[in-house]
Amino acid sequence: MKSLMFKFFLIGFLISIPGFIIAEDYNQAAGIRGGSLNGLTYKQFLSSESAFEGIVHSRWRGLQVTGLYEIHANAFEVDRLQWYYGAGAHLGLFNGYEDHPFFDEKDRNESFVLLGVDAIIGIEYTIEEIPLIIGLDWKPEFNIVGHQGFWFGDTSLSIRYYW
């Protein structure tokens with residue numbers, strides 16, 4: 001498992017080296033995130049290549065908050081198309097969902113906390129004519145507390161308004 005995560009980050013880093021140019025097309029953006037998990041997303045650039053993204057989403061009659069540090073770079077030499085990768089952490093407070101196969105019999109309808117680390121890799125396009133960003137990403141996570149283990153995470157489509 002550790003080997004897979006190491007390879008994931010190493011490949012992302014090596015791919016990004018030639019593409020580091022000024023990637024920022026906006027300072028901050030907020031919007032919705034839909035996919036296997038639905039929620040809200042907010043992104044704030046810290047420099048021309050790095051950003052902080054906060055995600056809040058609901059799951060299993062609960063709430064999860066995720067903070068990510070991301071590196072952005074131009075993708076495929078296409079203007080306003082960026083790819084990014086990063087890592088962060090999450091904290092969730094949940095009630096076991098009665099009919100979900102993930103939960104054991106003992107977990108059903110019990111409250112629990114999740115705490116773990118996250119990775120993210122994605123691509124986004126900034127539309128200049130209307131201040132919108134459309135992005136697609138994959139966000140696996142590793143839970144350290146509460147249902148420990150690797151989750152292949154969610155694949156999501158985000159639509160953000162930027163300024």
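## Ala87 in strand β5

Ala87 counts as partly exposed, at 34% relative accessibility, where buried means under 20% relative accessible area, exposed over 50%, and partly exposed in between (1.4 Å probe, protein chains only). The residue lies in strand β5 (residues 81–95), and its C-alpha atom is separated by 9.9 Å from that of Phe52, 35 residues apart along the chain.

## Basis of the model

This is a predicted model, in which local features need pLDDT of at least 70 and side-chain atom pairs count only at pLDDT 80 or more, while totals for chains, interfaces and linings use all residues. Residues are numbered from 1 along each chain as its sequence is written, and side-chain values use heavy atoms, with hydrogens and water left out.

## Overall fold

The protein chain has one helix and eight strands (DSSP runs, H or I of at least four residues for helices and E of at least two for strands, numbered from the N terminus), and along the sequence they follow the pattern α-β-β-β-β-β-β-β-β. Of its 163 residues, 44% count as buried. Among contacts (heavy atoms within 4.5 Å) with a separation of 6 or more, 54% are accounted for by residues 24 or more positions apart.

## Leu136 and the nonpolar patch

Leu136, placed in strand β7, is partly exposed, with a relative accessible area of 46%. Leu136 belongs to a nonpolar surface patch of about 760 Å², whose other members include Ile32, Val65 and Ile159. The elements that give two or more residues to this nonpolar patch are β4 (62–74), β7 (132–145) and β8 (149–162). Patches are made of residues with over 30% relative accessible area and no salt bridge, with like charges joined within 9 Å and nonpolar side chains (Val, Leu, Ile, Met, Phe, Trp, Tyr) within 5 Å; a salt bridge is a side-chain nitrogen of Lys or Arg within 4 Å of a carboxyl oxygen of Asp or Glu.

Definitions and conventions
Accessible areas come from the Shrake-Rupley method with a 1.4 Å probe; for residues, only the protein chains shown count as cover.
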